[in-house]
Structure formats: C-alpha cells, structure tokens
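Biologist: Could you take me through this structure, please? I have not seen it before.

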Amino acid sequence: MSAFPDEISALPPPAFSGMALDRAPQSRHDGGWMGLLADPASRVLAAGSDGLLLDATNRRRVARRSIVAGRIDSSGRSEPILLGLENGAGLFAVDLDALDPAARAGLERGATVVSLRDAGAGLPRSEAGLAAYLTALLNWHRRHRFCANCGAGTTVAEAGYSRRCPRCGATHFPRTDPVVIMLVEHAGRLLLGRRAGWPGNRYSVLAGFVSPGELLEEAVTREVREESGIEAYGPRFVTSQPWPFPSSLMLGFEARSDGGEPRALDGELDDVQWFTFDDVDAASAETRSDLRLPPPISIARFLIDRWLARQRSSG
Ligand SMILES: [Zn+2]
C-alpha cells in the first residue's frame, strides 16, 4: 500500500479522504449519544440527495445546534445520526430530503446546497472527507428504510451506524460497493475510454464493479477485457477513494498490457483508444480540445497524474 504523499508523484491523496472526526464507536453502544444530542455544544450538519448545506457566503460547513435539530422533524422520518465526536462535542447529520418543508427552510436559512462534487473541489481536504462520510451515511439510510430480508420498516440503531429490523431481528450495516478502476499501460501509452453521456471528448481510465466471487485483481483483468478487448496483466493496487455516488469505494490499480487494437465491446463505452504521453500531458495542461481528462477530485485523475509524473521523472 502506498504511503502518502505519493512516493512517485508527490501528489496529495485523492479527495474525500482524510476526515479527522473520531467516529466514537463507544458512544454508540452505551446510549450516551442521546445525551450528546441534548448537549448545547453538539452540532448538526445537513445534506440531501442534491448535496450538502454550506454557508451561502463563505462556503464553509453550516453547523446548527443539535438540540434544535433534534426537534425539527415532526414527521419522525429524519432522525439525527451521530457522525462522531469533534473536540469532545457530538457532530450529527440530518437528511434534508426527509424533512418537512418548514423544517428544511429553517435549516437552509443563510445556506446553500452544494453538490458533493463541487464541495470536494472547494473544501479543505479533511472537510471534503467529512462531506463524503456524511453523504455516504445519509445515502445509505435513505435507501435502506426497509429490511432486505423480510421487507418490514427498519429503525436506526447504534446512533446511525446500523439499522435494525423489528420483525425478523436482522441488523443491516452501511453498504460500500467495491469498484476497480485501473490505469493500463503499454509501451508508454495509456488505455482510456469514453463513456456514453460524458461531456465532449472526455476520456478516462476504465472501471467497473467487482462481481461476487471475484478477486479485485480478477475484476481488473475482466473489466479491461470486457470493455476494450485488451488483455491486461500484473495489476497492482495503488490507492483507494470513497465515492459516495451513492455508495462506491474506488480501488485504484495499475496494470500492464502487451497492446493490441482496443474496441468498445460491451456498450458502456463509446470509444476506447491508446493515448501517448504527449496526448495525455497536453490534455492535462488543457491545451487541446479533442482530449479532456477527468476532474481533479477523481481517483481516475490521480492515477493519470501519477503516471504523467513518473513518465516525466524517467525522462
Ligand atoms: Zn426483517
């Protein structure tokens, strides 16, 4: 596993990492979190499926007093969940989507909803990591209100770290879906594909969900073969990135290939090609319009920038 800053490129780690919050596992089990919610020092953050609440003026986090937020929802659909402890005080999250309009308007006063992508690009690193964490947790609660085992409505448990089914007794934990994303190289060229629906001329490294009963390394070679017809080998793990859109964990790899003519095979890609260092370097500097790279917050861009740095240093 790579130490950071990255030893090859001196790049900072990918966005949405580095959250400094204590996740407070102890406070979840002993019921102490109810006291935390009533503590005047505790605060609550809010996010919905459109993004998270930031200050309309300075684009920093909006932290309301949790004792207020604990009472705002008359419907009972939005229970504050404990994110963790910050300087000894509780930090909670509520789902804007679940609030009645008046409660939502109250929380949104002086604030604006910013997409997680924009927040990831604009916030300091640990704050972007916190944004990803609370978004991932709220996404999971929003999508798992019913038991996957028996269909009954579930309730929040462990102050938001799990949900419990009152009918069959099952406990459900937050889901994280593993996705492999891989930089494939052959003779100083990169394999990049264009996904249908992407903005014009954007290409990126290939990626795909890990299948049940599959090693990550097997997922890498399978996805490359299925999407491009290219045989990749020797996948090596580089780093990972939380990607709560809505619940992925990106697992970044590098692999090699003996080349060949790539073809967009499985319908997910419009096009797939080998690109030279000069192609990718120019795209990185945004000096060409026929090739655009993924945005800087993505692990895809991290892998590409790391490769560029290594090519430069090896002359
Ligand atoms: Zn159940």
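Modeller: Along the chain, the donors of the zinc ion follow the spacing C-x2-C-x14-C-x2-C. Please keep in mind that this is a predicted model.

Biologist: Which residues are the protein donors of the zinc ion?

Modeller: They are Cys147, Cys150, Cys165 and Cys168, each through its SG atom, and they lie 2.3 to 2.4 Å from the zinc ion.

Biologist: What is the geometry of the site of the zinc ion?

Modeller: The site is tetrahedral, with angles of 100 to 117 degrees among the four donor atoms.

Biologist: Is Cys165 buried or exposed?

Modeller: Cys165 counts as buried because its relative accessibility is 3%, and the cut-off for buried is under 20%. Cys147 is also buried, at a relative accessible area of 5%. Cys168, with 34%, is partly exposed.

Biologist: How many disulfides does the structure hold?

Modeller: It holds zero disulfides.

Biologist: Changing topic, how many residues of strand β14 are buried?

Modeller: Eight of the ten residues in β14, which spans residues 248-257, are buried, so this strand is mostly covered.

Biologist: In which sense does β13 pair with β14?

Modeller: Strand β13, residues 232-243, pairs with β14 in the antiparallel sense over nine bridges. Within this pairing, Thr239 stands opposite Gly252 of β14. The two strands are joined by a hairpin of four residues.

Biologist: And what about β10 and β14?

Modeller: Strand β10, residues 177-186, pairs with β14 in the parallel sense, over nine bridges. Here Val179 is found opposite Met250 in β14.

Note on methods: Residues are numbered from 1 along each chain as its sequence is written. This is a predicted model: local features need pLDDT of at least 70, side-chain atom pairs count only at pLDDT 80 or more; totals for chains, interfaces and linings use all residues. Side-chain values use heavy atoms; hydrogens and water are left out. Buried means under 20% relative accessible area, exposed over 50%, partly exposed in between (1.4 Å probe, protein chains only). Two strands pair if DSSP finds at least two bridges between them. A disulfide is a pair of cysteine sulfur atoms within 2.5 Å. Donors are N, O and S atoms within 2.8 Å of the metal (3.2 Å for Na, K and Ca); water is not among the atoms, so sites may look incomplete. Four donors count as tetrahedral if all angles lie between 85 and 135 degrees; four count as square planar and six as octahedral if opposite donors are over 155 degrees apart and all others between 65 and 115; anything else is irregular.
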